[in-house]
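Hi there,

Here is the structure I promised to pass on.

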Amino acid sequence: MYASHASGGGPECSIVVIADSLSSGGNLLCRARTWSSTISDISAGISTASQSITKESLTWDAYLFQSSPTRFTGRCHDLTLLCPEVEITPQQTCVNDRIYNTMTDKQKTLVCGDVNGNFNTLFSRVESIVKKSGPFDILLCVGNFFGDDNSQLDAYKMGTRKVPVTTYVFGPSDESHVQYYCEEGSEIVPNVVYMGKRGIFTTSSDVKIAYLTGLSRRELGKDIPMCTFEPSDCSAVRDSCFRGQSEYRGVDVLITTLWPAGIENDECQKMDIAKDCLSDLIAWLAMHVKPRYHFVPSMDKYYERQPYRNQSIHQDYRECATRFIGLAPVGNKAKEKWIYACSLQPITKMRMTDLLQATTDETLCPYDPELMKQHQPGKVVKFSGNGQYFYNMDAVDDDQGKRKRKSGDTERKRREFDPDSCWFCLSSPTVEKHLVICVGSHCYLALPKGPLTPYHVLILPIAHHQSVSKAPDEVVNEIKKFKEALKEFYKSMKKLVVFFERNYKTSHMQIQCVPVSRACESQILEVFQDEAGINSIQIEVLPPYADIAQVVLPGAPYFHAELPTGDQIFAKTKQHFPLQFGRDVLSSPPILNCEDKADWRQCLISREEEDDHVAAFRTNFRPYDFTINEDSDSE
């Protein structure tokens, strides 16, 4: 296979072709250094043994970046590219006369156990592996990096010795080592990066690595600064893994200090693991994030378990398998295996058939299946036959170890409401009246703080009412009138509208009214469902004309949305329900494509801009504003 500089009617354009095989139907990827030639110019320089490739036979999919090549994809038969004498194998590509291996798509990774200050032993071994097997991309150090004697590190600080592979170090579990760590994201020595105790990062090869290191404060029974984690840390790592993924497959690597409780139940080999090394919280995390590889440090022996198949909430859905590996300390006297090498193809680029393929030694998931029913770690969740989740609010303690109030305790005294302190009661001195667009008999229309679009508005009751489900009939009826008027108004702009209300951690009802493009109408419900799945929210789709007051008990918290299709979305809001759920959905790329505006506090505009938005909306909305007629009638 050859690369050529295609020429035609336009300027010269550097072309690169990659084929994953020379058989019929191979993938063709062309990269243009400059996009000044026409598609026909580029096509003219490409031919096959059996046919010419024209712009009609290729699917051109251009991604324009100033600093990156433009990419085109297509299908073709056996390739032969003619011109400059640059030969390219099926596993290589050529960009600007330089040849690269690109079709492997795998990251060569090294993983080691507790280093304990044995830096020379570690990096000498890594050097020998590199000389024998070629360069590796990263080295992951699970467990303690520092030890009682860290003098060997001085040579790496001075530059007399060099770290051969980019090395990532994670949070400590020994209080005496805390002093040696630097700021998260900084280098301990050149080419050794400290990543902190929790998080997820994606390498340049698109491999996703999640980690939660240190000891469990709840299970240990005491707090050790910098060395312990909370159940909320488990949730944070889980949420980071799920974020931005409509269909969650899992992560490539999970690194923890503690072992997941249940992993010791192995019929094929006996493992003596100290009880204080086992954690139900880590088992919960492993079950939810579904890593392909789970690495932990081992006190003395190397341990590799048979792969186990991850569980799914849905019984008919198959999940990926996990390989669990415990690595012995670096340079241990027993000569137990302490370094592990693997080539990782990113889980996001794997074919589902490969990802779900079973092995002959595969086992069932060794963890307690009840953990899958816990939306938050450490909180018991009961699963009913109709697919609903119910939280046990009598959990013993929260993340800080404080005793929670049980249902049988004395009732809390309700605070008396002061309307003068409400931001949305129209009679309140704190309301920002410059945001008001128009006022009806029972409700008013206003611009929100941090709007998603210039025509994003709120419907609010003039008096203090917490939610639609508790509002009197006259308020509900006027809300409907405002909605109908807004639908007609947005229709004149060739827009549709999504209405949503969050009756959770808010005291004054707010109906959000957000105009969206007609092109995304069919996607809105799907994006709501995807976002709900990421956040483990159970939503129900209600039929058109369903009455929210008949679905929820008065005063009960809920999230409710009305879609342009007429469908309604309803969810009972539980603890930790995302406050920006509605905005997260509507700001997503398929709908408004303004993810930076998901949190209203991050997109506040100036007073002058607010005045301009209100004036423009008021003027354009005037033909649909029924409150004007009501004012004239009253006169």
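This is a predicted model: local features need pLDDT of at least 70, side-chain atom pairs count only at pLDDT 80 or more; totals for chains, interfaces and linings use all residues.

The protein chain has 635 residues, and 47% of them count as buried. Its secondary structure comes to 13 helices and 35 strands. Among contacts between residues at least 6 apart in sequence, 68% join residues at least 24 apart. The accessible surface is about 32200 Å², with 48% of that belonging to carbon and sulfur atoms.

Now to the inside. The largest nonpolar core holds 35 residues, and Cys-241, Trp-259 and Tyr-367 are the ones that touch the most other members. Two or more residues each come from β15 (208–212), α5 (231–242), β18 (251–256) and α6 (280–289). The biggest share is from α6, which gives eight residues. If you zoom in on Cys-241 and skip its neighbours within four places in sequence, you will find it in contact with Ile-200, Ala-210, Tyr-248, Val-251 and Val-289. Another core, of 33 residues, lies apart from that one and includes Ala-471, Tyr-490, Phe-499 and Ile-548.

Finally, the helix pair. The axes of α8 (residues 473–492) and α12 (residues 607–621) come within 11 Å and cross at roughly 95°, which means that α8 is roughly perpendicular to α12. On the α8 side the contact is made by Ala-485, Leu-486, Phe-489 and Tyr-490, and on the α12 side by Phe-617, Asn-620 and Phe-621. Six of these contact residues are nonpolar, one is polar and none is charged.

Best wishes

Note on methods. Residues are numbered from 1 along each chain as its sequence is written. Side-chain values use heavy atoms; hydrogens and water are left out. Axes are lines fitted to C-alpha atoms, for helices over the stretch in contact, and angles run from 0 to 180 degrees between N-to-C directions. Helices (H or I, at least four residues) and strands (E, at least two) are DSSP runs, numbered from the N terminus. Angles under 35 degrees count as roughly parallel, over 145 as roughly antiparallel, 65 to 115 as roughly perpendicular and the rest as oblique. Contact means heavy atoms within 4.5 Å. Ala, Val, Leu, Ile, Met, Phe, Trp, Tyr, Cys and Pro count as nonpolar, Asp, Glu, Lys and Arg as charged, and the others, Gly among them, as polar. A nonpolar core is a set of buried Ala, Val, Leu, Ile, Met, Phe, Trp, Tyr and Cys residues joined through side-chain atoms within 4.5 Å. Buried means under 20% relative accessible area, exposed over 50%, partly exposed in between (1.4 Å probe, protein chains only). Accessible areas come from the Shrake-Rupley method with a 1.4 Å probe; for residues, only the protein chains shown count as cover.
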